[in-house]
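Please keep the sequence and the structure in view while reading.

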Amino acid sequence: MAIRSLLLPLALLALAASSAAVANLEIGFYSKTCPDAEKIVREEMAKIIAAAPSLAGPLLRLHFHDCFVRGCDASVLLESTDGNVPEKDAKPNKSLRGFGSVERVKAKLEAACPGIVSCADVLTLMSRDAVVLAKGPFWPVALGRRDGRVSSATEASNELPPASGDVPLLAKIFASKGLDLKDLVVLSGAHTLGAAHCPSFADRLYNTTSENGTSGLVDPSLDSEYADKLRLKCKSVDDRTMLSEMDPGSFKTFDTSYYRHVAKRRGLFRSDAALLFDATTKDYVQRIATGTFDGDFFRDFSESMIKMGDVGVLTGAEGEIRKKCHVLN
């Protein structure tokens, strides 16, 4: 058992190094210019999560939403300017949280190593540390990303995987980022952390009428007892006040209970339920739901996060190193 536990980190290190080489990233990128960079992030993240454990999920989500639009370039962190509506103001991003925590960590790095560590790398490291602090796996993060100068709400609305998506649609979006069907079902496991506002799933609970006048049915793929419990919190499709845990009873801990909920038709989003309607994703859900393959899921999640963290990165002389993550230099 000890030999296997040693081999897993070594395999992840090899994967991270191989993937990084393709993306022009590097393990230990700041070893000379800011040698304590990862330590600074880790220590500040420990304070952040100790004070607010529920932030682990939102910080992980920030990284996801960043990487799926223009790659992992911290463009999701930029605020609006005259004539530009940024990604963070797009409808799918309205509920994003954790921006202040990113600025807090970045400020610590700027004090130690001014103008060296990019916001894109900060967010990538913070998402990894959020998982670790929530009792999830550790994986090596190759660094050297640079920050993007463009941020578009329109692009975010068009490119982010929708919570209502089925597997064919989601697989197409993931493929456009170099991610496959296994990455889709594995990264869906991030829903073990965090909570969601009612409008993102309440259309599964109530009859609704769309703009073209057609009637929507209560989602039959949702377990009826679970739907009843959700209705107690979400009084209507437009209820924006209440939050529901994506992994009830375990939403602050990174574990495999999300898959047990999905297997029982108790996934919160349509995209969760959709995993049972594709043979490949259903097989993975049911396997991990047994609770006997937690180590496999942790390894798979680490591998998929390494792949996602390399999507569309800017390196070398591309982009910039922002001094503050919410504004261009």
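Predicted model: local features only at pLDDT ≥ 70, side-chain atom pairs only at ≥ 80, totals over all residues.

Helix 5 is mostly covered, with 13 of its 15 residues buried.

**Helix 5**
- Helix 5 runs over residues 119–133, and the distance from its first C-alpha to its last is 20 Å, close to the 21 Å expected at 1.5 Å a residue.
- After helix 5 comes K135, a residue whose phi is positive, near 75°.

**Helix 4**
- Helix 4 comprises the 14 residues 99–112 and reaches 20 Å between its first and last C-alpha atoms, close to the 20 Å expected at 1.5 Å a residue.
- The buried residues in helix 4 are F99, S101, V102, V105, K106, L109 and E110, and their cover includes helix 2 (37–51) and helix 3 (56–67) as well as helix 5.

**How helix 4 and helix 5 pack**
- The axes of helix 4 and helix 5 lie 10 Å apart and form an angle of about 115°, and the crossing of these two helices is right-handed.
- On the helix 4 side, the contact involves S101, V102, V105, K106 and L109, which meet C119, V122, L123 and M126 of helix 5.
- The residues of this contact between helix 4 and helix 5 divide into 7 nonpolar, 1 polar and 1 charged.
- S101, V102, V105, K106 and L109, which take part in the contact with helix 5, are also listed among the buried residues of helix 4.

- K88 is located in the loop that lies between helix 3 and helix 4.
- K88 counts as buried because its relative accessibility is 16%, and buried means under 20%.
- Leaving aside residues up to four places away in sequence, K88 touches V76, L77, L78, E79, N93, K94 and F99; of these, F99 is itself one of the buried residues in helix 4.

**The chain as a whole**
- The protein chain contains 13 helices and 4 strands, and buried residues make up 50% of its 329 residues.
- Among contacts in the protein chain with a separation of 6 or more, 75% are accounted for by residues 24 or more positions apart.
- The protein chain exposes about 15,000 Å², and carbon and sulfur atoms supply 56% of that area.

Technical notes
Residues numbered from 1 in each chain as written. Heavy atoms only, no water. Expected span 1.5 Å × (residues − 1). Buried < 20%, exposed > 50% of the residue type's maximum accessible area, 1.4 Å probe, protein only. Contact = heavy atoms within 4.5 Å. Areas by Shrake-Rupley, 256 points an atom, 1.4 Å probe, with all protein chains shown as cover. Axes fitted to C-alpha atoms, helices over the stretch in contact; angles between N-to-C directions. Left-handed = near helix turned anticlockwise from the far one by under 90°. Nonpolar A, V, L, I, M, F, W, Y, C, P; charged D, E, K, R; others polar.
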